[in-house]
Amino acid sequence: MGKDYKLEKRKYVIGGFVLLIVLIYIIRLFNLQVSEDKYKENAESNAFFRKVIYPARGLVYDRNDRLVVFNQPAYDVMLIPKDVGEFDTLMLCNSLDITKEQLLERWADMKDTRKNPGYSAYTPQKLISHLSQKDYGKLQEKLYLLPGFFIQKRTVREYAYKCASNVLGNIREVNADDIERDRYYRRGDYTGDLGIEKSYEAALRGHKGVEILMKDALGRIKGKYENGELDESPVAGHNLKLGLDIELQQYGEQLMANKIGAIVAIEPSTGEILALVTSPNYDPSLLVGRERGKNYSMLVKDPLKPLYDRSIQGAYPPGSTFKPTQGLIFLQEGVITTSTMYPCYRGYVNGLRVGCHGHGSPIALKPALQTSCNAYFCWGFKNMIDKRGTKPAKQFDKWKNYMVEMGYGYKLGVDLPAESRGFIPNTEFYSKSFRGANWTANSIISISIGQGEVLATPLQIANLCATIANRGWFITPHVVKEIADSTIDKKYQERHAPHIKKQYYEDVAEGMRMAVTGGTCRIANLPDVEVCGKTGTAQNPHGRDHSVFMGFAPYHNPKIAVTVYVENAGFGATYGVPIGSLIIEKYLKGEISPSRKHIEERMLNSNTIISSGVKKH
């Protein structure tokens, strides 16, 4: 009986083992025939050729309906490796205007799975991209001599203006990561890279179509399958309308030529960005066509970093443009009133000294904004942080919360990639910096005037200016105004209001108006436009100070808020104010008045890169 039991048990073990092997084979067959596209493509490619029809990418217009980005036809040389027969190599090279060595190199790259992941002899592969119209014509008439070859029609971007590359971005060929993230893409497809081409890729790209063609036993195309009934037409991408005024953008880039820095102009009532200048910049057409790789490498190696968008990525000390935020906080917290006076003995003197230029003393808030008094805001900060009956850390947390509400310390959420958050320190930062020792307002006094650890992007400074212009609210800045047949994100329509009374914004706006009529921003005073402004001279430990300006106009019912940041350019009134005033005048008036042409000429022809110590190749 023991022997029979063992035989019976062995029978079940063997049966289970056989069943497991059968199950493994079934699962593998299922994967091969259903789940794995590779084998499916190989099988279908013997009888059918699924030709992708690429859609037209969405067009881009500026706020005044000027066409900014459009499409031009381009052609890629494609082939299905298994269908390629013998062909005249010299004839192909002559048609494409390349050498035999270049052809062999491209052929090897195409078959190299490290450079071309997912290579298959059964699926279409790209040999050469972006044929010119001339080369396309030469090759088209000889295509019948090239078995397995075909031409894939595409579109490439064309630019009506040689500006705004940081906003517009560009397109590039997809990589393995792109394909893994989004099943829409296949090898050889293109996707947005930088700017709105990247952030609005899903809207701009449209939907691909497909044409199903039949092949004979020799791989030759014999016509449409089912008379084209199963074909799918491509759907063009959505057109975009920008808030950008492309001529103002172009003018801003001209003013910033031979300078390092940024200009940001916003329409306060909508949050739409009117101009977003980073300097140095580059012609967007450099990153189109066969020379894209070489040109991109050149831009990457440029020591002035033209690919770095200083308008949204540059984190700078805001300098005295920070003082309006301090005035607003001190008023809201009851630390001061508009009549509160503080002394200025050529600076703040209270156990340490923070220097200031000469002006009347003591001084109240509005004249302090007018003259950009350092001492006033140091005293206000000390009286808030060192308030009796409280702890500096608790008061500082309250101060930081106001700063965050005003758009500092975190990304604003502009509809462009790679925005910087700037930096507003917190109590934990200072506790670590002082290694647990007690710290007071005097320990960190420099941040009250936009120095020390505080960093902000030009976009954040411009957003503050728009908030003051609106007397207490802002809409998240954005470059896209409309998407055809669609809607923009709701966050670009919602108002954000810091917990500060409207009247206090009125007081600060009046101080900024006084700065233009009789203070540090007098160059910005226009004869028939009421401009409000604030200068900034941001200390730079690595060289000359940075020249900064923020301003808005008109004083009532404002149409534009602007920030100018010029690196290593000295006082705010030297470059920041004149450039900012020219941007305001150009936008509101359409031209620069004859009496101010000398200012325009000086800004257009000046060069701060030489004096900054940065050398360009």
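How much accessible surface does the protein have, and what share of it belongs to carbon and sulfur atoms? The accessible surface comes to about 29,200 Å², and 52% of that belongs to carbon and sulfur atoms. Keep in mind, as you browse these views, that this is a predicted model.

**View 1. The overall fold of the protein.** Here you can trace 21 helices and 20 strands. The C-alpha trace spans about 100 × 90 × 45 Å along its principal axes. The radius of gyration is 32 Å, whereas a compact globule of 617 residues would have one near 25 Å. Of the 617 residues, 51% count as buried. Among contacts with a separation of 6 or more, 70% join residues 24 or more positions apart.

**View 2. Charged side chains.** The protein carries 81 positive and 67 negative side chains. The centres of these two sets lie 6 Å apart.

**View 3. The pair of Tyr-75 and Tyr-136.** The structure holds 20 aromatic pairs. In this one, Tyr-75 and Tyr-136 are stacked, with 3.8 Å centre to centre and 5° between the planes. Tyr-75 sits in strand E3 (residues 67-79) and Tyr-136 in helix H5 (residues 133-140), so the pair ties together parts that are 61 residues apart in sequence. Tyr-75 counts as buried because its relative accessibility is 6%, and the cut-off for buried is under 20%.

**View 4. An aromatic cluster.** Take your time with this one: Phe-322, Phe-381, Phe-396, Trp-399 and Tyr-408 are among the members of one aromatic cluster. Phe-423, Phe-429, Tyr-430, Phe-434 and Trp-439 also belong to this cluster.

Conventions: Residues numbered from 1 in each chain as written. Predicted model: local features only at pLDDT ≥ 70, side-chain atom pairs only at ≥ 80, totals over all residues. Heavy atoms only, no water. Helix = DSSP H or I, 4+ residues; strand = E, 2+ residues; numbered from the N terminus. Rg over C-alpha atoms; globule rule 2.2 N^0.38 Å. Buried < 20%, exposed > 50% of the residue type's maximum accessible area, 1.4 Å probe, protein only. Contact = heavy atoms within 4.5 Å. Areas by Shrake-Rupley, 256 points an atom, 1.4 Å probe, with all protein chains shown as cover. Lys, Arg positive; Asp, Glu negative; His and termini not counted. Charge placed at Lys NZ, Arg CZ, Asp CG, Glu CD. Phe/Tyr/Trp six-rings, centres within 6.5 Å; stacked < 30°, edge-to-face > 60°.
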